[in-house]
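This report examines how parts of one protein chain meet. Please look at the structure first and then read the account of the interface.

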Amino acid sequence: MTQEELFKKLVAHCKEYGFVFPSSEIYDGLGAVYDYGQNGVELKNNIKRYWWDSMVKLHENIVGLDAAIFMHPKTWEASGHLAAFNDPLIAHRDSKKRYRADVLIEDWLGKQDEKIEKEVEKARKRFGADFDEAKYRATSPRVAETAAKRDEVHARFAAAMNANDLTELRQIILDCEIACPISGTRNWTEVRQFNLMFSTQMGSTADGASTIYLRPETAQGIFVNFLNVQKTGRMKLPFGIAQIGKAFRNEIVARQFIFRMREFEQMEMQFFVRPGTEMQWWNEWKNTRMAWHRALGFGDDNYRFHDHEKLAHYANAATDIEYNFPFGFKEVEGIHSRTDFDLGNHQRLSGKKLQYFDPETGESYVPYVVETSIGVDRMFLQVMSAAYTEEKLDGGEQRVVLRFPAALAPVKVAVLPLVKKDGMPEVAQKIVDLLKYDFNVVYDEKDSVGKRYRRQDAIGTPFCVTVDGQTLEDNTVTVRYRDTMQQERIAIDALYHLVDEECSYRKLFKKLNL
Ligand code: GAP
């Protein structure tokens, strides 16, 4: 199965098992907007809890905030989003489709890498055991030619992006003979900047309505509340403010399911530090955030850092944590050193001092900020991609199982009476009652036990508990484990402890060493 096929199956699975639906599907959906179903919302909430508690509970110097989505329009002038939150848009005259010029070029660069890898694989097959990969890469004329072309275009691309040179971006597209994927032709328009913010009106027209924006990042709600929180919480630098909330971007091309959406959710933390210490904190947060991802156990090699070549308008250093999705390594989280760009500009435009008095130095200054910013939906897709597994079982049967870390699983326990009689449903219901105050538990009595196991595997339930004839005699049940499919007989009284041990966030948090 190719990675593309795997991804298609994953998307279909998300719909079939109540994780993600296209928004307003009865009207054929809305581009890049999605709804979370009964299992999706549980997984999403669990991801948010893992993030929130690791920030706010495990760090004494980080507190939470929930700011409004609508903000004063000046916010976006100060933040630079009105002037600079743009993507380079290019349209195609034949297909009438719009594309991001930078993404067309990035895809072309990716294809050159694929070409090189194909050459290497071909040579590996040709030379067999004697193959010296390093030597082949260094000496093959074909590989050298492709790599040289790729490097040259890459250098031009990086320079054009940094200089905001839209004419050069178009020229690169023409020089690389990039064609529209729909029409196959190269009838491109000029490249122009496209602002990603959604706008709407506040107040009636008669009152003189003003244009306001749906926030494109949650961070600004934190910046404008910096002094409110610092003063009322008597916070001392360094300290952080964490927030989870919706953000909106009018993305030019929305691709790869929930990877790039127009309405999405962010989990952001702004860490306020003394100027001059920001690089030390940036490195610290890089490590802390990577540890948070790796604690989920999806394989350390599936994550990597990718430093930004083109820095956002507010940053002096930035890196992404990328995950190895079925469509390649892509950004899940950004860690940015934002200097005093935002607080400084808010201070200037509002005319209000946004300074911190440092009792250690006796000075007042605008703090610097290190930000960690992760998309909930993208993290959701990452967890889904990592957890989705197809397995061939003994006897030729196949199962799809979602191998979630137990703390993130939407349902922790399924309680299954073997038959719908002889008092088994009543005992099963008592077990549900025993667990339901602390865990998301379901009761299922339909179909054979085998079929019920498959249904729970498909939504990633770590434990299935079966009530049978023996239960009525000795108060024991069969626990069936999702990953190993092994079964064990245990006392009903021991169930709570078993589930609690495995499903608690404690297990994950301990790995973070915070
Ligand atoms: N406050 C900084 C900021 O917003 P960003 O790199 O633009 O930085 C941070 O976004 C994270 O938000 C990304 O790493 C990604 O996980 C998520 N994100 C950004 N745009 C998104 C979109 N259109 N759909 C889903 N998630 C998105």
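Contact means that heavy atoms lie within 4.5 Å. By this rule, 15 residues of domain 1 are in contact with 15 residues of domain 3. The model is predicted: local features need pLDDT of at least 70, side-chain atom pairs count only at pLDDT 80 or more, and totals for chains, interfaces and linings use all residues. Residues are numbered from 1 along each chain as its sequence is written, and side-chain values use heavy atoms, with hydrogens and water left out.

The domain bounds, listed below, come from an automatic or database domain assignment.

| Domain | Residues |
|---|---|
| domain 1 | 38–69 + 217–385 |
| domain 2 | 90–194 |
| domain 3 | 400–509 |

The C-alpha centres of domain 1 and domain 3 are 37 Å apart. Between them, the two domains bury about 1,300 Å², of which 74% is on carbon and sulfur atoms; buried area is the accessible area (1.4 Å probe) that two parts lose on being put together, summed over both. Within domain 1, the most area is lost to domain 3 by Asn39, Asn46 and Tyr50, together 35% of what that side buries.

Two elements each give two or more residues to the side of domain 1 that touches domain 3: helix H2 (38–57) and helix H13 (376–387). H2 gives the most, with 9 residues. Helices here are DSSP runs (H or I, at least four residues), numbered from the N terminus.
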